[in-house]
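Please look over the sequence and the structure shown here. The paragraphs below then go through some parts of the fold in turn.

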Amino acid sequence: MGERIVKELILEGLDCANCAAKIEDRVSALEGIRSVSLNFVTKTLTIETSEGQSLPHLLERTKEIVRRVEPDVTIQEKEREPQEEAEGSPSVRKILLLGVGSFLFLLGLLLPLPPWGEWSLFLSSYLLVGGGVVYHAVRNLLRGQFFDETFLMTLATIGAFAIGMLPEGVAVMLFFEIGEFLQDLTVHRARRSIRSLLSLRSDFANLLEGEKVKEVPPEEINVGDLILVRPGERIPLDGKVVKGSSSLDTSALTGESMPREVHPGDEVLSGSINLNGLLTLEVTKNAGESTVAKILKLVQHASAKKAQTEQFITRFARYYTPVVVFAAVALALLPPLLFPEEAFHDWIYRALIFLVISCPCALVLSIPLGFFGGIGAASKNGILVKGGNFLEALSQVDQVAFDKTGTLTKGVFQVTQVVPEDGISGQELLEYAALAEVHSNHPIALSIKKAYGNELDPTEITHYEERAGHGVKVFARNRQILLGNRKWMEEEGIPYNRTESPAGTLLHMAIDGKYAGYLLITDEVKEDAKKAVHGLKRLGIKKIVMLSGDLDQAARWIGRQVGVDEVKAELLPHEKVAALEELYREPISKGKIAYVGDGMNDAPVLARSDIGIAMGGVGTDAAIEAADVVIMNDEPSKLVTAVQIARKTKRIVWQNIFLALGVKAFFLLLGALGMATMWEAVFADVGVSLLAVLNTLRVFRPSVRI
C-alpha cells in the first residue's frame, strides 16, 4: 500500500441530506479511493487515497460527481483550516416568493372564481412557490437522476394538477417549500453550534521582538518565541508563563467555569482567555500542534468515523426510496387494470400520496446531525470524541478499567520518607536517588529531584539502563546505583527491607550491590475520583477495575479509597493488555469495555480496548493519539458526563428513526387505503423531517447530572 493521502473539499451550498448520501456513495465507488466521508453538517467531503493513485484525476472525477448530483454546489479545495464562516440570513428572494405565492394561494381558496380564474391563480402560485423545485427536477431528470426529492414533489404536484386537484397540488409544493425553509433554519442553527467551536482559534499573536510587539498570524510563530497576551485576549498558542500572573477562563477547553490562576513557570493552553493580568509566554508548540488546533481537528473530522446506526440508515435509504416509488407505480396501475370497477383517478391520487411520503430526508439528515450534535455537546463539556462510532460505543459501555497514577490519582508525587541503611545518611541516599533519575521525566523521578533540591551534573552518569516496570541501573562516581521496586532488588539478588506501606510507593536502592535503604513516594487521590466511580455505578456500569503498575498494597489502598470493584497491580504494559483480555472473557462482558489512562505505557491497552479514554491535560501524546476519547481537564468524573451524553444521543437518534419510519409507514398505509390526503402526506414528509431535526437539537443542551 502507498502512503496515505487525505484530501478535503468544501461543498458550499449543500443543503440536501439525501443528495449528500448519494455523493458519498458514488465517490466511494471510484477506483483508487480507500475511504470517503461526507460531513453534511460542516459540508466537508473527505477522500483518502494512496500515493500510487493519480490524485488530480480522482479529484476531478469527484468534482464531476458532485456537479451531477448537486449542480448548484460550489466546490472549494481545503488547503488550510477554515475560519469561522458567517451564516447568512435566509434568502430574501425565497421569502418574497413564498409570501406572494401564499397570498395568491389564499385568494384562490377564498374567492369565488370561474375555472379559468382558479387555474390562473393556482398556477401562478405554484410557479412562484415551486418553480425552482420543478427546474431542478427537470435538470436532474435530463442527467438521469431519479428518486430525489425534487423529482418526487414535481411528479406528485403535476399529477395533482392533471387530475384536477389544483389546491392540493399547490398546497403540497407550498408546504414542502415552507418545511424545507424551516428545516434549513434548524440545520443552520446546528451548524452554528458546531462552528462556534472555531471561536477557540485566535487570528493573531503578539510576537515580542526585543522591546517591540508585532501582531502576526499564529502560524508564523516558532517554538521558543516570546508572545504577549493582554487582558481579554485569547491565548493563541500553547506556552509557558515567563512573566506575569493572571486568571484564565478555560471553560471552552475543559467545560469548567472556575478561572484558573497562572504564575511564572505554569503551562497554559491555547484557546484559554486571559481575564486580567498581562502575560509573557514562551511558545512550546507551533500552531499545528497546539491544543486548540488538535481540538478543532478532532471535532471537525469526528463524523468521518460513522456510527453503525448511521451506516445502516444510509444503506437503508439507498433502497427505501426506489422501492416506494415502484410501489406507487404499481398502486396507480394494478388495481384499475385488475378490477375494472376501480377508477384510475382515485388510484393515481393514492400513488401521488405515496410519492410525497417516500423521501427519506428525515432519516439521512437527522441521524448524522444527532451524532455530530452529541460530539459537539461533549466538546463543550471538555470531552473530545473522535467519531460517531466511538460515541455510539460509549453508550454501550458496561465495564470500565482505570489506570491509577495520573488518572484516579493526581500524579503529583512527594518524597515523604527517606530511610537509609548500611551507614549511609538520608541526604546521601536522596542525592544518589536524584542522580539515578537525572535523565527521567517520570512524575516519581521529578518528585525525587525536587526533594533533593540541588543541581546535578548529568555528565557524571557513565552508563544508564532503564527496565520498564522495575527501575534504573546507572554508573556514576565510579559506583553502581540500582533504584527501583522490590522486583528489581529480587532480580538482582539483593536482600532488602521488606517494610510495606499502604499509603504509597517504596523505591529501594542498592549501591555497589549492597542495600542502601528506601524512599517512600506518596500520591494523592483526585478529589472527584470517588465521585466518578460512584457515578458510573449509578449509570449501571457492571464492573469497575483498576489496573496499575504500582505495588499491590499501594494500589489496593487507592482502590479502597475510590471504591473500585477490583484491583490488579504490579502490571507491566503488556500485562495490562492481558488483564483487559481477561475482562473480555468474563461472562459479565456483553457490552463494551472502556479503559481510562494517561501515560505512554497506557497506549497499548488504550488501543486494545473498545473505547480508549485519555486524560488530555497530563496525558502523553502517545496516549492521546491512541485514545478514542480525550478528557481535557483530567477529571475522571467527566467520563460519567461522556456516557450520559452518549446515551442521550443514542436515545434521540432512535427516537428519530422510529418517528420517521413510524409516521411514514402509517401514512403510506392510509394513502394505500385512500384515507390520507395530500396535506397529510406533506406532514409525513416535511413535517417529520422538521420534527426530527428539532428533536436532534436537544442534544446540544444536555441536562447532565453526576
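Which residue lies over the face of Trp347? Arg350 does, at 4.1 Å from the ring centre. A charge sits over a ring if NZ of Lys or CZ of Arg is within 6 Å of the ring centre and within 35 degrees of the ring normal.

This is a predicted model, in which local features need pLDDT of at least 70 and side-chain atom pairs count only at pLDDT 80 or more, while totals for chains, interfaces and linings use all residues. Residues are numbered from 1 along each chain as its sequence is written, and side-chain values use heavy atoms, with hydrogens and water left out.

Aromatic rings come next. The whole structure holds 5 aromatic pairs; rings of Phe, Tyr and Trp (its six-membered ring) pair if their centres lie within 6.5 Å, and planes under 30 degrees apart count as stacked, over 60 as edge-to-face and the rest as tilted. One aromatic cluster is formed by Trp119, Tyr126 and Phe161.

Pro218 belongs to the loop that links strand E6 (212–216) with strand E7 (226–229). Helices (H or I, at least four residues) and strands (E, at least two) are DSSP runs, numbered from the N terminus. Pro218 is buried, with a relative accessible area of 5%; buried means under 20% relative accessible area, exposed over 50%, and partly exposed in between (1.4 Å probe, protein chains only). Between the C-alpha atoms of Pro218 and Ala205 there are 5.4 Å, although these residues are 13 residues apart along the chain. Leaving aside neighbours within four places in sequence, the contacts of Pro218 (heavy atoms within 4.5 Å) include Phe204, Pro236, Leu237 and Ala287.

Now the sheets. An open sheet of 6 strands runs in the order E16-E21-E20-E19-E18-E17, with antiparallel pairing; two strands pair if DSSP finds at least two bridges between them. Strand E16 (414–420) and E17 stand at the edges with a single partner strand each, so one side of each has no neighbour in the sheet. From one strand to the next, the twist averages 15°. Axes are lines fitted to C-alpha atoms, for helices over the stretch in contact, and angles run from 0 to 180 degrees between N-to-C directions.

Within this order, strand E17 (residues 461–467) and strand E18 (residues 471–476) are antiparallel and share 6 bridges, with Ile461 opposite Ala476 in E18. Their hairpin has 3 residues between the strands, and Gly469 has a positive phi there, near 80°. Strand E19 (residues 479–484) is joined to E20 by 4 bridges, also antiparallel, and Leu483 has Met509 in E20 as its bridge partner.

An open sheet of 7 strands has the order E14-E26-E25-E24-E15-E22-E23 and mixed pairing. Its edges are strand E14 (383–385) and strand E23 (566–568), each with a single partner strand, so one side of each is left without a neighbour in the sheet. Here the twist averages 20° from one strand to the next. Strand E24 (residues 592–597) runs parallel to strand E25 (residues 611–615), joined by 4 bridges; Tyr595 has Gly612 in E25 as its bridge partner.

Helix H17 (residues 552–562) has Ala554, Ala555, Ile558, Gly559 and Val562 buried. These residues lie on the same side of H17 because they cover an arc of only 135° around the axis, the arc being that of the directions from the helix axis to the C-beta atoms. The buried residues of H17 pack against strand E20 (504–511), helix H16 (529–538), strand E22 (543–547) and E23. Gly563 follows H17 and has a positive phi, near 95°.
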